[in-house]
Amino acid sequence: MDTVLELKAVNKAFGGVQAVKDMTFKIERNELAGLIGPNGAGKTTIFNLVTGVYDVTSGAIEFKGRNINKLKTFQVISLGIARTFQNLRLFGASTVLDNVKTAAQQHYKYSFPEAVTHMGRWRSMEKATRDEGMQLLEKVGLADRANQVAGTLPYGLQRRVEIARALALRPELLLLDEPAAGMNADEVEDLNALIRGIHKDFNLTILLIEHHMDMVMQICPHIVCMNFGAMIAEGSPDQIQHHPDVLKAYLGDED
Amino acid sequence: MEGYSLGVITLLAINCIAAMGVSLFTGFTGVFTLGHAGYMAIGAYTAAILTVEHGINFVPAIICGGILAMILAYLIGLPTLKLVGDYYTIASLGLGEAIRLVIENWQSLTRGARGYPGIAASTTLPVAAGFFIVLAVAMFFLVNSRYGRAFKACRDDYVAASLLGFNTARYRVMSLAISGFYCGVAGGLLGGYMSFIQPIMFDMAKSTELVSTVVFGGLGSMSGCLIGTTILTLVTELFRPISQYRMLIYGLVLVIIMVVRPEGIMGTNELTFSYIKGLFHRKKSTPAAEGGAH
């Protein structure tokens, strides 16, 4: 199989706190994998390590067989990784469309002289950026909200904008950090459909952090479970659900 | 009186050029600066020395001044803007003063604190207006391009910006370099307008004035910074006859706007047709809502 993301004995310490301990796992191409664990288990830290927001203390992170430990965030992104955030990081004062365009423009570049004169490729590239942005907004069902200020949208819709913005980078690997946080059952249902849809349509590999257990169990055939920074189980939903350490982590010890 | 009002408009064009530079860096890229008068000084002295001592034409000399200011801004930006946070702001505090002191003490080149006299009065209204129009069009085009969106992304959330693939440090340095160019050109024009420049003209107070004009007009609004500059330049000029109260009124206008509209005159809006239309619609429904600011 074709490995997209591989963590090899990754450690991360913040001073004396060991946030991630010897994490080792692989995500294959076109997988829809889940990363679960109780609060403070270190899930988001993993995302921050992969995207270069934090540097690893030891170990290796490989993307398509290439070590990306030392790369800066923007370099990691340009290789084909995109992510969303647990607490939304939209450009709240910009419109929904501008948010998506800010990401989509990475594929439609033109030179500085063209930018200050609005000549040359400016018109065609701006149009292409806009068209791609609108297409993605249609995909996530927000085309009619394109010109609304992003910060004024309801929470659930802002998450969709974030997903559209991440897709605009045309990633191979998409990291979703608790996309269902703060959503009710119906919204989670819609989101499930959306995630399944983009996974198929964009030929994506997705790694998903989620607290809604039933959601992960439903859509992720491959689940990694961690607690206190270390991996405690890996496998299919069925295996995870019956794994004694997972039950202990979530429900506590019997005595 | 005719000549005087032409002079005020010329000065206004010069101030607007400098304000656009600061607006790009502070309003659109989100880094405060307290030393941009330094770049104006570089532009002013370069243009003056090139025209007076080397007989170079005024317009190319001004562009050289702008380029030199841009190079300096770039070199200062490289180490200070790589770091996230207010490092550049702190550095700019010392920077403006350092440039001024170097000019003051480099007697052989700049003639020191007594100033540099004898600059040809080449900044006529057409020259200043020409520079203003070209630079304003370029600036409005720039903020409405992929670069403008990148600057705003760095301003709004640098983590999100880098996670959208932007090398945020590079865009911040780029924004500073462009803003240095605008201030350098403004400085050069100011020299040709006054026929005389002095290091003290480019002190801390001038830097503060530049940034307060931009905040006054609205951070993140190019048209706002032009409106702000117009109001503040006219206030300073109109009240020249009662010069002892001039700065008092200037301060009052600033304080009133900041109390009434803390986001500045325009906020982050641009003065577009649809913005004006929206304004009138709102006025119809609540006549008092926008009254104070316009």
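Which residue just after α1(B) takes a positive phi? That residue is B:Gly30, with a phi of about 80°.

This is a predicted model, in which local features need pLDDT of at least 70, side-chain atom pairs count only at pLDDT 80 or more, and totals for chains, interfaces and linings use all residues. Residues are numbered from 1 along each chain as its sequence is written, while chains are lettered from A and ligands numbered from 1 in the order in which they are written. Helices (H or I, at least four residues) and strands (E, at least two) are DSSP runs, numbered from the N terminus.

**Chain B helices**

Helix α1(B) has 27 residues, which at 1.5 Å a residue should span 39 Å; the end C-alpha atoms are 37 Å apart, in agreement with that value. The expected span is 1.5 Å times one less than the number of residues. A bend of about 30° occurs in α1(B) at B:Val22, the bend being the angle between axes fitted to the seven residues ending there and the seven starting there.

Helix α7 of chain B, residues 146–156, is mostly covered, with ten of its eleven residues buried. A residue is buried if 20 or more other C-beta atoms lie within 10 Å of its own, exposed if 12 or fewer, and partly exposed in between, with C-beta atoms placed from the backbone. Among the buried residues of α7(B) are B:Tyr147, B:Phe151 and B:Cys154. The cover of these buried residues includes α3 and α4 of chain A as well as α1, α6, α8 and α9 of chain B.

**The contact between the chains**

In total, 26 residues of chain A are in contact with 20 residues of chain B; contact requires C-beta atoms, placed from the backbone, within 7 Å. On the side of chain A that touches chain B, the elements giving two or more residues are α2 (73–80), α3 and α4 of chain A. By class, that side has twelve nonpolar, nine polar and five charged residues. Here Ala, Val, Leu, Ile, Met, Phe, Trp, Tyr, Cys and Pro count as nonpolar, Asp, Glu, Lys and Arg as charged, and the others, Gly among them, as polar.

**Strands of chain A**

Strand β8(A), residues 205–209, has five of its five residues buried. On one side these are A:Thr205, A:Leu207 and A:Ile209, and on the other A:Ile206 and A:Leu208. The table lists strand pairings; two strands pair if DSSP finds at least two bridges between them.

| Strands | Bridges | Sense |
|---|---|---|
| β3(A) and β8(A) | Four bridges | parallel |
| β7(A) and β8(A) | Five bridges | parallel |
| β9(A) and β10(A) | Five bridges | antiparallel |
| β1(A) and β2(A) | eight bridges | antiparallel |

A:Gly34 stands opposite A:Leu208 in β8(A), and A:Leu174 stands opposite A:Ile206. From β7(A) the chain crosses through helix α7(A), residues 185–201, to β8(A) in a right-handed β-α-β crossover. Right-handed denotes a clockwise path from the first strand over the helix to the second, with the strands pointing away from the viewer.

β9(A) and β10(A) form a hairpin with two residues between them, and A:Phe228 in the turn has a positive phi of about 50°.

An open antiparallel sheet of four strands in chain A has the order β2-β1-β4-β5. Because β2(A) and β5(A) each have a single partner strand, one side of each is left without a neighbour in the sheet.

Terms used: Contact = placed C-beta atoms within 7 Å.
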